[in-house]
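Please read them beside the coordinates.

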Amino acid sequence: MIKLSERLQVIADRLDNCETMADIGTDHGFLPAYMIESGRCVRAIAADISQPSLEKARTLCMERGISECEIKLGDGLKVLEPGQVEGVCIAGMGGTLIAEILSESKDVAASLKRIVMQPRTASGELRRWLIGNNYRIVAEDVVYEGKFVPQIITAVPEGMPMDGMQNLAAGGTAGDRDLYYEVPVWMTSAGGPVSEHVRRIIRREENTLEGLNRAREINADETAAKEEEIRYLKRLLDEIEGNGDRHYE
């Protein structure tokens, strides 16, 4: 069976209840091939806008004798019909682009049982979009991948069954500033090395605050807002470390 990276393994685990899935931006096709080989899916679709990437996925499936994975060339969710698959992975691209992909194919997105996203950038912008467009964020995970710390966001369209999973966004009101979406209050229930992730962001924000305080003209409002963000992050860290890091199930 294909051995996945930790990042892809977490994504696969979050897609576990989907008998059919599509990997949007599949590249080598490791994830859909694994989902078929492991018996987690009965049918998969490997989709990409890049023909060379699809050829890698096609070659992988041929070499491993996987006939249940369909290879599709196309843009985002436009390769799918509503109800064609239960779960979708959209990983390895910016959060703004992921939001655009969901927005451009609303009928397909609304028919999904689960959407697992791994934004490389702009995770806060993606969460803001999801919340503003009636998606429920049902799970958050943090993993290590070299010097990167990918965040994995699992969401379902409003009204879909929750499979017993906690709606992590319930009762959590994010502030207007971007940081409250980048590290939302429900990160206390995320899986993986969350405390180290939050510590890194605290160090980043403290460096930003130092820069604000060294400026020739200090913006008192911006400095006060940054100080409040740091206090928010430290309160979050205290709660996370009090609970202990939770690992994905």
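1. A definition comes before the helix pair below. Axes are lines fitted to C-alpha atoms, for helices over the stretch in contact, and angles run from 0 to 180 degrees between N-to-C directions. Note also that this is a predicted model.

2. Helix α4 and helix α6. Helix α4 covers residues 95-104 and helix α6 residues 123-132. They pack at an angle of about 25°, and their axes are 7 Å apart. Angles under 35 degrees count as roughly parallel, so α4 is roughly parallel to α6. The crossing of α4 past α6 is right-handed.

3. Residues of that contact. From α4 come G95, T96, I98, A99, L102 and S103. They meet E125, L126, W129 and L130 of α6. By class, the contact of α4 with α6 holds six nonpolar residues, three polar and one charged.

4. Overall make-up. The protein has nine helices and seven strands. Of its 249 residues, 49% count as buried. Take the contacts between residues at least 6 apart in sequence: 69% of them join residues at least 24 apart.

5. The sheet. Seven strands make an open sheet with mixed pairing. Their order is β3-β2-β1-β4-β5-β7-β6. Which strands stand at the edges? They are β3 (69-73) and β6. Each has a single partner strand, so one side of each lacks a neighbour in the sheet. From one strand to the next, the twist averages 20°.

6. Strands β1 and β4. Strand β1 spans residues 20-24 and pairs with β4 in the parallel sense. Four bridges join β1 and β4. M21 stands opposite G87 in β4.

7. Helix α2 on the sheet. α2 packs there, touching β1, β2 (43-48), β3 and β4. The direction of α2 makes about 165° with that of β1. Angles over 145 degrees count as roughly antiparallel.

8. Helix α1 on the sheet. α1 lies across β4, β5, β6 and β7. Its direction runs at about 165° to β5.

Notes
Residues numbered from 1 in each chain as written. Predicted model: local features only at pLDDT ≥ 70, side-chain atom pairs only at ≥ 80, totals over all residues. Heavy atoms only, no water. Helix = DSSP H or I, 4+ residues; strand = E, 2+ residues; numbered from the N terminus. Parallel < 35°, antiparallel > 145°, perpendicular 65-115°, else oblique. Left-handed = near helix turned anticlockwise from the far one by under 90°. Contact = heavy atoms within 4.5 Å. Nonpolar A, V, L, I, M, F, W, Y, C, P; charged D, E, K, R; others polar. Pairing = 2+ DSSP bridges. Buried < 20%, exposed > 50% of the residue type's maximum accessible area, 1.4 Å probe, protein only.
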